[in-house]
Amino acid sequence: MSTTPGPEPRAPRPALVFDDPLDQQTSDDTDRGWGERPEGDSAADLKRFLDEKPPHHI
């Protein structure tokens, strides 16, 4: 009698999913992460505006 083991079982391959990808909501579909800032004071807003203003807007 042979005591050699047989081939090892393989892990199952991932199934192909043919759902419509546009039916699923992505992180881009939400307002989260689009640069919103917590409520702050107007002095901080003015400072940010002046810091980020392009040079041709004097």
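1. Basis. The model is predicted, so local features need pLDDT of at least 70 and side-chain atom pairs count only at pLDDT 80 or more, while totals for chains, interfaces and linings use all residues. Residues are numbered from 1 along each chain as its sequence is written, and side-chain values use heavy atoms, with hydrogens and water left out.

2. Secondary structure. The protein has one helix and zero strands. Both are DSSP runs, numbered from the N terminus (helices: H or I, at least four residues; strands: E, at least two). Helix H1 covers residues 42-52.

3. Burial and surface. The protein has 58 residues, and 0% of them count as buried. Buried means under 20% relative accessible area, exposed means over 50%, and partly exposed lies in between (1.4 Å probe, protein chains only). Accessible areas come from the Shrake-Rupley method with a 1.4 Å probe; for residues, only the protein chains shown count as cover.

4. Salt bridges. The structure holds two. The criterion is a side-chain nitrogen of Lys or Arg within 4 Å of a carboxyl oxygen of Asp or Glu. In general, side chains of opposite charge can pair when their charged atoms come close.

5. Lys47 and Asp51. These residues form a salt bridge, with the closest N and O atoms 2.8 Å apart. They sit four residues apart in helix H1, so about one helical turn separates them. Lys47 is exposed, at 52% relative accessibility. Asp51 is exposed as well, at 53%.

6. Arg48 and Glu52. Their side chains meet in a salt bridge, at 3.1 Å from N to O. This pair is also four residues apart in helix H1, hence about one helical turn. Arg48 is partly exposed, with a relative accessible area of 35%. Glu52 counts as exposed, at 53%.

7. Nonpolar patch. Leu46, Phe49 and Leu50 form a nonpolar patch on the surface, and together they have about 310 Å² of accessible area. Patch members need over 30% relative accessible area and no salt bridge; nonpolar side chains (Val, Leu, Ile, Met, Phe, Trp, Tyr) are joined within 5 Å, like charges within 9 Å. Leu46 lies in helix H1. Leu46 is partly exposed, at 48% relative accessible area.
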